[in-house]
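Student: I would like a close look at one part of this protein: the backbone in its loops. Please take me through it in one go.

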Amino acid sequence: MLDIKLLRDDIDRIKIELEKRGYSLDVKKFKLLDSDRKLLQVKVEDFQSQRKKLSEEFGKLKSSGDDTTNLKVRIDEINNDLKKASNELDKILESLNIFLLDIPNIPHSTCPEGVDETDNIVIKKYGSVNSERKEDHLSITNEIDTDMATKIAGPRFAVLKGDMAKLQRALISLMLDIAIKNGYQEYYVPFMANKDSLTGVGQLPKFEEDLFKTTDGLYLIPTAEVPLTNIFRGTTINHNDLPIKVTAHTPCFRSEAGSYGRDTKGLIRQHQFEKIELMQVCHPNQSMDDLEGLLNNAKEILDLLELPYQVIELCSGDLGFSSCKTYDIEVWMPGQNKYREISSCSNFSDFQARRSNIKFKDENNKKMLAHTINGSGLALGRTLIALIENNYDSDKKLISIPKALQKYFDKDYINI
């Protein structure tokens, strides 16, 4: 959520900044709502002042034994007027809050301008692509079974069997160990979250259609970013403890509303997938440097897995709702003959912290909003695809296992 003071003091500049990401700020509506809010607030405060003054007079009259009938009638009238004005103010404040919750974050000054993903910038490519490898992961192994998953749950699920299940478990262990080595504390978190938690990170109200909701009002988490960030909701952290680094392995659940017909084959885009999340609470002066560090933490895993990948800097028009700056890591997938996103590393500035009330005390003991950053380290399904497709030897009918993963997998190849 943006600071409302920014909108009041510099709304024309904010409108221009938001247009860089394709969002049209309704300046007229904001000014009308804020003006109504101000008028009603003054009215409520005036009625409260009148009531206090009349109540004091009432007390004096009553203690002296004088007649309070007329004064009581006037106090009742003031109370009714106050209640009516308070209800109107509450409605305006709710409308203003809904308006503010719909506004995305402002792109950082270093974020390249652009309209959509075609304007994203390739920062660097890593590793070499073997153009002779073309096989798709589903054609290589029958231990990824989407038909069985469809029978059990429906489309966009998968059952992993045998070595594929073991390989995913090995990847989880490797990714968590690397995260811990890099200073992240591991958490086991709930796989469901309440409305306040999802609102705090920016998932609600805007992206409700992409979430799975339970009958009692909870939501299946779309990413471990939700519970990890909400560990710190409503807390104040000492500046000496920043940055705080946390990680978790969780399933992630997404309805993929509006994406039907896209990437429906295999493990690319599913309703349920696994992910290791890297999340940090940072000092505002250091969050951009911390984002670069988090990006390196995710890249390290791909380097250890010896997979070819590229780093993309997202343009303003392709930023996620809460992000002010994002790097995507895309791994090479021979079966699709292109790079696909495997991690998105973002700086949310104080956007999530304001919604979630995450603060820290600075050197002068003053409370300030923290910054939050996060990224995948990594998405497991897509990592599994990349490992299978990039390491498959069609002549020998085997998938080679990278050296860094062998201690978790107990062998250096899988026979197909």
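Tutor: Start with P205, which lies in the loop between α7 (195-201) and β6 (219-220). Look at the bond that joins L204 to P205. This peptide bond is cis, with omega at about 5 degrees. Keep in mind that the model is predicted. Most peptide bonds are trans.

L242 and P243 are joined by a cis peptide bond, and omega is about -5 degrees.

Most residues other than glycine have a negative phi. Find N337 in the loop between β11 (325-333) and β12 (338-347). The phi of N337 is positive, near 55 degrees, and N337 is not glycine.

N357 comes next. Its loop runs between α10 (351-356) and β13 (359-361). Phi of N357 is near 55 degrees, a positive value in a residue that is not glycine. N357 has a relative accessible area of 37%, so this asparagine is partly exposed.

Now look at some side chains. F351 belongs to a cluster with F207 and F321, linked by ring pairs. The structure holds six aromatic pairs. Rings also meet charges here. The charged end of K245 sits over the ring of Y184, at 5.5 Å from the ring centre. K166 lies over the face of F409, 5.1 Å from the centre of that ring.

Finally, step back to the whole protein. The C-alpha atoms fill a box of roughly 105 × 45 × 40 Å along the principal axes. Of the 416 residues, 49% are buried. Consider the contacts with a separation of 6 or more: residues 24 or more positions apart account for 72% of them. The accessible surface is about 20500 Å², and carbon and sulfur atoms hold 47% of that. As for charge, the protein has 58 positive and 65 negative charges, and their mean positions are 2 Å apart.

Notes
Residues numbered from 1 in each chain as written. Predicted model: local features only at pLDDT ≥ 70, side-chain atom pairs only at ≥ 80, totals over all residues. Heavy atoms only, no water. Buried < 20%, exposed > 50% of the residue type's maximum accessible area, 1.4 Å probe, protein only. Contact = heavy atoms within 4.5 Å. Areas by Shrake-Rupley, 256 points an atom, 1.4 Å probe, with all protein chains shown as cover. Lys, Arg positive; Asp, Glu negative; His and termini not counted. Charge placed at Lys NZ, Arg CZ, Asp CG, Glu CD. Phe/Tyr/Trp six-rings, centres within 6.5 Å; stacked < 30°, edge-to-face > 60°. Lys NZ or Arg CZ within 6 Å of the ring centre and 35° of its normal. Helix = DSSP H or I, 4+ residues; strand = E, 2+ residues; numbered from the N terminus.
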